[in-house]
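Biologist: I've just opened this one and I'm new to it. Can you walk me through it?

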Amino acid sequence: MSKAVLFDMDGVLIDSEGVMLKAAAAGMKAFGIEAAPEDFIPYIGMEAEKYFGSVMEKYGKHYTDEVKVHTYTVYGRIITPEYVCPYAPEILHTLRKSGIPFAICSGAVRQKIGHNLKALGLTEQELPAVISGDDVTHNKPDPEIYLKGAKAIGIEAKDCIVVEDSLGGIRAGKASGAKTVGVGTTLTEADFAKEGNADYFIKSLAELPAILIENGINI
């Protein structure tokens, strides 16, 4: 039976992938790159250097951290509470009230996580644990981030349920030994069935409580 929940953030708690695509394209203009939002789609869920650097390489430029910092500043001006995924604040509140351990395990840098938490109306101090891409040596699809998230809340990863919206995230969750739930914010059930091999698929977080209860997490 499961004991805890590990959440990805972008595409799970906040519907930010489209916002990030726009922010990335807009941010690149400051560095003389006329990238299109769709240029970044193949790199969704990857670490910043891969996400930005791959597109910059396409346009003959080299990645620097200055690009990342500037682009996330642009992102922070765009992301607002209207992008919060339905039922996300409620599920987090319910878990906290019920005393169920959980952690946010986002491959994003802390700068971006901070913007997302502000949109969610939360602070990092209000949450049991937040693990970012800055905290790991190997980002998703490597399981390190979920292993660290589980350790931070004192639960073995095999006793956790990972909630993700990307194939790389599902692979990371499964590699950690956790059960996995794919949320259809970004991809379809067919996408997960074909490549992600998630244990469950839900269209929104409103369906998550039933899965948690089925696996012994009584909220």
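This is a predicted model: local features need pLDDT of at least 70, side-chain atom pairs count only at pLDDT 80 or more; totals for chains, interfaces and linings use all residues.

Biologist: OK, and where is Ser-98 found?

Modeller: Ser-98 is in helix H4, which covers residues 88-98.

Biologist: Is Ser-98 buried, exposed or partly exposed?

Modeller: Ser-98 has 35% relative accessibility, so it counts as partly exposed. The cut-offs are under 20% for buried and over 50% for exposed.

Biologist: How far apart are the C-alpha atoms of Ser-98 and Gly-177?

Modeller: They are separated by 24 Å, and the two residues are 79 apart along the chain.

Biologist: Let's zoom out. How many helices and strands does the protein chain have?

Modeller: Nine helices and six strands. The radius of gyration is 17 Å, close to the 17 Å from the globule rule for 219 residues, so the chain is as compact as a globular protein of that length. Along its principal axes, the C-alpha trace spans about 55 × 35 × 30 Å.

Biologist: What percentage of the residues count as buried?

Modeller: 51% of the 219 residues. As for contacts between residues at least 6 apart in sequence, 62% of them join residues at least 24 apart.

Biologist: Now the strands. In what order do they sit in the sheet?

Modeller: The order is E3-E2-E1-E4-E5-E6, in an open sheet of six strands with parallel pairing. The edges are E3 (130-131) and E6 (200-202), each of which pairs on one side only.

Biologist: What does E1 pair with, and over how many bridges?

Modeller: E1 is joined to E4 by four bridges, and to E2 by three. Both pairings are parallel. Look at Phe-7: it stands opposite Val-163 in E4, and its bridge partner in E2 is Ile-104.

Biologist: Which residues of E1 are buried on its two faces?

Modeller: Ala-4 and Leu-6 are buried on one side, Val-5 and Phe-7 on the other, and both faces are covered.

Biologist: What does Asn-215 contact, beyond its neighbours in sequence?

Modeller: Leaving aside neighbours within four places, Asn-215 is in contact with Met-1, Ser-2, Ile-161, Lys-179 and Tyr-200. Asn-215 lies in the segment after helix H9 (208-214). With a relative accessible area of 3%, Asn-215 is buried.

Biologist: Switching to H6: which of its residues are buried?

Modeller: In H6 (residues 144-152) they are Glu-144, Ile-145, Tyr-146, Gly-149 and Ala-150. Those buried residues pack against E1, E2, E3, E4 and H7. Just after H6, Gly-154 takes a positive phi of about 75 degrees.

Biologist: Last topic, helix packing. At what angle do H3 and H5 pack?

Modeller: About 5 degrees, with the axes 9 Å apart; H3 is residues 65-78 and H5 is residues 110-120. Angles under 35 degrees count as roughly parallel, and H3 and H5 are therefore roughly parallel to each other.

Biologist: Which residues meet there?

Modeller: From H3, Lys-68, Val-69, Tyr-72, Thr-73, Tyr-75 and Gly-76; from H5, Gln-111, Lys-112, His-115 and Asn-116. By class, that contact has three nonpolar, five polar and two charged residues.

Biologist: And at what angle do H2 and H3 pack?

Modeller: H2 (residues 48-58) packs with H3 at about 100 degrees, axes 10 Å apart, which makes H2 roughly perpendicular to H3. Ala-48, Phe-52 and Met-56 of H2 meet Val-67, Lys-68, Thr-71 and Tyr-72 of H3. That contact of H2 with H3 has five nonpolar, one polar and one charged residues.

Key
Residues are numbered from 1 along each chain as its sequence is written. Side-chain values use heavy atoms; hydrogens and water are left out. Axes are lines fitted to C-alpha atoms, for helices over the stretch in contact, and angles run from 0 to 180 degrees between N-to-C directions. Angles under 35 degrees count as roughly parallel, over 145 as roughly antiparallel, 65 to 115 as roughly perpendicular and the rest as oblique. Contact means heavy atoms within 4.5 Å. Ala, Val, Leu, Ile, Met, Phe, Trp, Tyr, Cys and Pro count as nonpolar, Asp, Glu, Lys and Arg as charged, and the others, Gly among them, as polar. Two strands pair if DSSP finds at least two bridges between them. Buried means under 20% relative accessible area, exposed over 50%, partly exposed in between (1.4 Å probe, protein chains only). The radius of gyration is taken over C-alpha atoms; the globule rule is 2.2 Å times the number of residues to the power 0.38.
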